[in-house]
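Work through the exercises below with the sequence and the 3D structure at hand. Each task is followed by a solution in steps.

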Amino acid sequence: MKKKLMPYLFLAPQILLTILFMVGLITGITQSLGVIPAFGLKKPTLLYYKEVLTRPDMLKSMGYSLKIALFSSALATAGGVFFCGVCVMGKKTRGAVMRIIQVPIIVPHVVAALFIINIFSRNGILARAAYALGLIQEQQQFPMLIHDPQGMGIIMAYLWKEIPFIIYFVIALMANINGSLGEAATNLGAKTWTVFWKVTLPLCRNTIISGFLIIFVFALGAYELPLLLGATVPKALPVLAYQEYIHPDLRNRPYAMALNGIIIVISLISALIYFLMMRKNVKCLTDEN
C-alpha cells in the first residue's frame, strides 16, 4: 500500500503548485475582463483590452518590451551559437571553460543589474576611466547606456545572462552531432567550419529556436531588469502592469491584468511553437527507429 501511495505523495507538491497557478491564471483572466465584484465590477467586457491596445503610452510600452525581448534574445542566441561553435570546434566542451560560462547563469538578475550600473552608467567605471584618460571633458558626456529610451542597459544585462544559457542549452547536442556526423564529413574532406555551417548547425536548428523562444518569453515578462535599468518613459510592460496594479484607484486593476493577459498570449503562442517543434523532433526520432 505504501509503495502504491509513494508516487502520488511525490507528485503532491507539483499538483498543489499547478492548482495554485491555475487559480491565479483564471483569476487574472477574469479580472482582465473587468469582473471584480469586490470593486463593484461585475459585467465582463473587452473594454480594458481595447484601451490597452489603443492608448499611446501602453502601445509604446508594448513596443519597448517587444523590442528589448527580440533584440536581446536574437543577439544572445547568435552569440551563444557562435561561442558553441568555437568551443565544439576547439574541443573545449568541458572543464574550466564551462565553469566560467556557468557563472552568469547562477548570478541573480538584480546583481547583474548592479554590475551593469557600476560599469556602464555615467558614474560608473567606464565613464570615470574615460574622464581620467581625457577622452571626455566631464562624466556626463559619456553615452547614456542606463535608463535610456532604447533599453541598452537592459539588453546588455540580458546578453550577459542569456548567452551562457544558450551555450548550455545547445552545446551538448552540438558536440554530439559534431562528434559523429561532423567527423564523418571531415574525413570526407570537408573543412572544419564548413562542417559546422553545413552539417552541425542545421541539425541543431530546432534546439536553437527553442532556446530563443525560452529567453524571449522570459525577457518579455521579466520585471527586475526593466525596473532597475529601464527608462522612466516608456516603461516595460511588466513594470507598467505592476504600477497599474498598485494604483490608488482599484478600478485600474483590470488594466494591469489586461497587460498581463497580453504577455500571457504572446507566451502561449511561443509555447505552442515550442511544443510543435518538440513534437516534430520526437516524430522524426520515432520514424528513424
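**Exercise 1.** Find which residues Glu244 touches, not counting residues up to four places away in sequence, and decide whether Glu244 is buried or exposed.

Solution. Step 1: contact means heavy atoms within 4.5 Å. Beyond four places in sequence, Glu244 touches Arg55, Met58, Asn252, Arg253, Tyr255, Ala256 and Leu259. Step 2: the relative accessible area of Glu244 is 10%, so Glu244 is buried (buried is under 20%, exposed over 50%, partly exposed in between, with a 1.4 Å probe and protein chains only).

The model is predicted: local features need pLDDT of at least 70, side-chain atom pairs count only at pLDDT 80 or more, and totals for chains, interfaces and linings use all residues. Residues are numbered from 1 along each chain as its sequence is written, and side-chain values use heavy atoms, leaving out hydrogens and water.

**Exercise 2.** Glu244 is found in helix H11; describe how the axes of H11 and H3 cross.

Solution. Step 1: helices are DSSP runs of H or I with at least four residues, numbered from the N terminus. Step 2: the axes of H3 (residues 56-89) and H11 (residues 237-245) come within 8 Å and cross at roughly 140 degrees. These axes are lines fitted to C-alpha atoms over the stretch in contact, with angles from 0 to 180 degrees between N-to-C directions. Step 3: H3 and H11 are therefore oblique to each other (under 35 degrees is roughly parallel, over 145 roughly antiparallel, 65 to 115 roughly perpendicular, the rest oblique). Step 4: Met58, Ser61, Met62 and Ser65 of H3 meet Leu237, Pro238, Leu240 and Glu244 of H11.

Key. Helix = DSSP H or I, 4+ residues; strand = E, 2+ residues; numbered from the N terminus.
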